[in-house]
Amino acid sequence: MTTGPPPLLTRPLLLRFASMVGASLSFFLLLSVVPAYAAERGGGGAAGLATGSLMLATVLGELGTPRLVVRFGYRLTLIAGLFLLGAPALVLTVSGQAAWIAAVCFVRGLGFALTIVAGGALTASLIPDQRRGEGLALVRVVSGVPSLVALPLGLWLAERVGYGPVAVAGGLAALAAITFVIGLPNRANPADPANPADGTEQPLGVVRGLRTGALLRPVLVFAATATAAGIVVTFLPLAVPSASAGVIAVALFTQTAASTLTRWLAGRHGDRHGSARLVLPGLLLSATGVLVIAPTTNPIAVVTGTALFGAGFGITQNATLAVMYTRVTAASYGTVSALWNLAYDGGMGVGAAGFGIAAGLTGYPWAFALTALLMLTAVAPSIRDRQVTPPSAHPPAPAADPR
């Protein structure tokens, strides 16, 4: 008798989704509000310091979270992350001093790092292997919708009720999410022999992970597309003539819609035929989209290019993460989550900074064309990856001391 695929929406995964919504609301509700509050109290420098401290702490936290997961487990690490994300927000407006705001942002950044790395590893352990691609696509939708709503909502509320109530609302959203985490497992599923839960298996450390080609190659490919994502989001409104404000809105919406759709399609295709074979097409589609954007005075080119880029970005998001999870055991899920998020955050930051310099020297069209060319350097590791590891292979990662 043929049995169907295992259920995806289990009670633990639904609980995890609820906690994910709380964390996403807390982070994105204040993402633009805090810099605005800092700028009002201390000027543009204070706003930059607030955002800078938040992102610095996030990157540092992502590096250290896998070790915390090994020692304390998914649940306790995630609870700590939600607490650090939420509690400081409650006292954000106690002082308007730049140092105080930066300190609050730094602690919240550490908390956010714990939630995305430990939470990502926990979520992966709750998704059946046979439906990993589809499950990861659904995860991105669940986490993405609150961010789309909360980001503009935060500033809208701050203008009407003030910064204090919005900060408290953001803090309470994260703290309330803790109640859903309590019912989640602290380790991988003990009933699954592929997911050891007794702590005897040493996970792959972050440093060792970067030295492991099976993980480094997908990281490099995803970082290349994430670099372009930071550029498009940051500079498209500046590159397109101001008279075409409607074009920018349509283009950015099209990019988001395309990436959401292709994440889902890539997940379903990957579950049936393997995700590794999607990495190179996703990269090429992303680079093509950036190249098409280059004639920024042409509205059709801008909208078409962002659609193509969004489609390729969605594919690489899903495919690279799914591939990385298949190449380790559950003990190293935290490391995979950390490496992938480092590629995301680091790629977006480096891309925006480098593009700003290039655009100042060459102008926006040539800077977009140069970006597309640089993205193609990731073709080499993607081809090498297809040659070394068949799409259907699921080799375990070697044991290593966490570092």
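The following paragraphs walk through the predicted model of this protein chain, from its overall make-up to selected residues.

Because the model is predicted, local features are taken only where pLDDT is at least 70 and side-chain atom pairs only at pLDDT 80 or more, while totals for chains, interfaces and linings use all residues. Residues are numbered from 1 along each chain as its sequence is written, and side-chain values use heavy atoms, with hydrogens and water left out.

The protein chain contains 14 helices and zero strands; here helices (H or I, at least four residues) and strands (E, at least two) are DSSP runs, numbered from the N terminus. Read from the N terminus, the order of elements is therefore α-α-α-α-α-α-α-α-α-α-α-α-α-α. Of the 403 residues, 51% count as buried, a term that means under 20% relative accessible area, with exposed meaning over 50% and partly exposed in between (1.4 Å probe, protein chains only). The accessible surface of the chain comes to about 16800 Å², and carbon and sulfur atoms hold 70% of that surface. Such areas come from the Shrake-Rupley method with a 1.4 Å probe, and for residues only the protein chains shown count as cover. Contact means heavy atoms within 4.5 Å. Among contacts with a separation of 6 or more, 85% link residues 24 or more positions apart.

The C-alpha atoms of R11 and L184 are separated by 9.2 Å, although the two residues are 173 residues apart along the chain. Leaving out residues up to four places away in sequence, S19 touches L78, A177, F180 and V181.

Helix 1 also meets helix 2 (residues 33–42), the two axes coming within 4 Å and crossing at roughly 35 degrees. These axes are lines fitted to C-alpha atoms, for helices over the stretch in contact, and angles run from 0 to 180 degrees between N-to-C directions. On the helix 1 side the meeting residues are L29, L30 and L31, and on the helix 2 side they are V33, V34 and P35. The residues of this contact divide into six nonpolar, no polar and no charged. In this scheme Ala, Val, Leu, Ile, Met, Phe, Trp, Tyr, Cys and Pro count as nonpolar, Asp, Glu, Lys and Arg as charged, and the others, Gly among them, as polar.

Aromatic rings come next. The structure holds 14 aromatic pairs: rings of Phe, Tyr and Trp (its six-membered ring) pair if their centres lie within 6.5 Å, with planes under 30 degrees apart counted as stacked, over 60 as edge-to-face and the rest as tilted. One of these pairs joins F27 and F112, which are stacked at 3.7 Å centre to centre with 10 degrees between the planes. F27 belongs to helix 1 and F112 to helix 4 (residues 98–126), so the pair ties together parts that are 85 residues apart in sequence. Both of these residues, F27 and F112, are buried. Elsewhere, F222, F309, F313, W340 and Y344 make up one aromatic cluster.

A nonpolar core is a set of buried Ala, Val, Leu, Ile, Met, Phe, Trp, Tyr and Cys residues joined through side-chain atoms within 4.5 Å. The largest such core has 95 residues, and I101, Y333 and F368 touch the most other members. Helix 8 (residues 213–239) gives the largest share of this core, 12 residues. Another core, of 11 residues, lies apart from it and includes V279, L283, I315 and A319.

Three further residues complete the picture. S143, in helix 5 (residues 132–161), is buried at 18% relative accessibility. Beyond its neighbours up to four places away in sequence, S143 touches M20 and S24, and its C-alpha lies 8.9 Å from that of L25, 118 residues apart in sequence. L216 in helix 8 is partly exposed, with a relative accessible area of 27%. Apart from neighbours within four places in sequence, L216 contacts G209 and L210; L216 and L339 are 8.5 Å apart, C-alpha to C-alpha, and 123 residues apart in sequence. Finally, P381 in helix 14 (residues 379–388) counts as buried at 14% relative accessibility. With neighbours within four places in sequence set aside, P381 is in contact with R217, L220 and V221, while P381 and P218, 163 residues apart in sequence, are 7.8 Å apart in space, C-alpha to C-alpha.
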